[in-house]
Amino acid sequence: MSLPLHERIGTSDSFVRVTTGDADAATQSAPLIPDRFPRAGEQYRFHFDMTKCIGCRSCEVACNEQNGNPATIHWRRIGEIEGGEWPHTRRHYLSMGCNHCLDPDCLRGCPVNAYTKDPLTGIVLHSAEACIGCQYCVWNCPYSVPQFNPERGVVGKCDMCYGRLAEGFEPACVNACPERAIEVEIVNIAEWRADYSAAESPGMPAAGQTLSTTRITLPKNTSVVLERVDTDRIRPEHAHLSLVLMTVLMQMVIGSLFGVLLFHAAGKGVLTILLFATSIALNISVFHLGRPAYAWRALKMWRRSWLSREVLLFGLFSGALALATATSWVRIFPQGAPVVLGWLALIAGLSGIVASAFIYLVPARPAWNMVHTPTDFLLSAALLGFACTPLMIQTGPPWNARLLWLSGFSWTANLGIKLLRLYHANLFEKRASAALLCTPRLRALLLMSFALVGLAMLCAGNHAALASAFAVCGVLLSRYLFFVSVVPLNMALTFVRGGHE
């Protein structure tokens, strides 16, 4: 007969330790998980003792074996911090799984409600069944705890080996550590909210953003300043090409719709072209998902998730634009119906662009989390719209060229100011983004994007096809750099990144 969960925890013979000496017998036989279940106002947490960790990576290996993860995915990771001058140097290691935060950003941003905070244990759980692989939680978490598995098409993360805890066994990482540097504790939630300073550590993002519950024991009585060892190993992030294409194409369509409505040229042919481009953009967007067949689930959490709001607003834009196109072809509707529906579609589209920009305004990605992001998205729509409108309506008023120049100058100034702010920022991750953009390949692409937008401005009014082509290519390059140059907050990593090398 099986015992209830709160009775099973702590009764397993996994607490028995084989020891050969008497001096450390009590320490070696002490349980590494609590002998009781959390009560009301309490939850489980990890405790990591930095003074004991030797960086052997046994916890990493045990975690991967327990969860069947490939070598390139680490739900628990080892990092290094060091300081001093030779020969008086100090080096310590960090071991981090999920921090099971009190205010987890992964849960807050998920558009499909795949995350829950277990009411009994406080463990942040992730449902692979509900997940659509949008990776928004990966962007939101300041510790980069959730990790995308391209083979499965979903995100995964540490759940403190919930099943093992339920049976009274330690999590795999706790059980595998030869130095007993990791254990599970019970924390009083109210007391931890009042003082979470024990979660702070060199080489870790500030704990206050999500209220990490992991308690870290730091070395005592050291005058050496400890710093991360991987500051010169910053690499470009994933390009997310489907998002590059989708965001630029949607901004081009919405900007062009504004142009044709402004110039009173919303004919049936133009609206049909814009509707066709919209359908292409929305179909491209699903290729970003690990499980594109479940893309419809992204509408679920529109009350709190900006990703859900983006999907909803772009869907409304597409629907209104389809109605405007249909009424322009069928003469039984009032003559002004396509224009009215076009303006309604434009409102939904501009709102969708703003929602799209807010997806990237996350503290965990500092180079994105700036006013320049929504400004860039809106100015890109204006630039692309005024560049492409003359191409669709064959002719336009002379002041269209001036609007293109204005939007082009504004777009260039916005990105230029952003680069200067990144370069002179106090935060390491922002300076690292600027440094990435100064590497030879990315610098060449950056200069090319500015040059292409400049050429689009020069061609305005005389060569509509060239102006639109240059503008689209320039914005595409800039958006590609937007994704690859961001440096996320993260824990300190090691000189060698395991399976990523």
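How are α14 and α17 oriented to each other: roughly parallel or roughly perpendicular?

Entry 1: I am working from a predicted model, where local features need pLDDT of at least 70, side-chain atom pairs count only at pLDDT 80 or more, and totals for chains, interfaces and linings use all residues. Residues are numbered from 1 along each chain as its sequence is written, and side-chain values use heavy atoms, with hydrogens and water left out.

I looked up helix α14 (residues 399–423) and helix α17 (residues 464–484), whose axes come within 13 Å and cross at roughly 20°. Axes are lines fitted to C-alpha atoms, for helices over the stretch in contact, with angles from 0 to 180 degrees between N-to-C directions. The two helices are therefore roughly parallel (angles under 35 degrees count as such). I noted the contact residues (heavy atoms within 4.5 Å): Leu404, Trp411, Leu415 and Lys418 of α14 meet Ala467, Gly474, Val475, Ser478 and Phe482 of α17.

**Entry 2: strand β1.** Helices (H or I, at least four residues) and strands (E, at least two) are DSSP runs, numbered from the N terminus. I found eight of the eight residues of β1 (residues 42–49) buried, so the strand is largely enclosed by the rest of the structure. Buried means under 20% relative accessible area, with a 1.4 Å probe and protein chains only.

I then checked its partners; strands pair if DSSP finds at least two bridges between them. β1 and β8 are antiparallel over seven bridges, and His47 stands opposite Glu183 of β8. Three bridges join β1 to β9 (residues 215–217), in parallel; there Phe48 has Ile216 as its bridge partner.

Key:
Parallel < 35°, antiparallel > 145°, perpendicular 65-115°, else oblique. Buried < 20%, exposed > 50% of the residue type's maximum accessible area, 1.4 Å probe, protein only.
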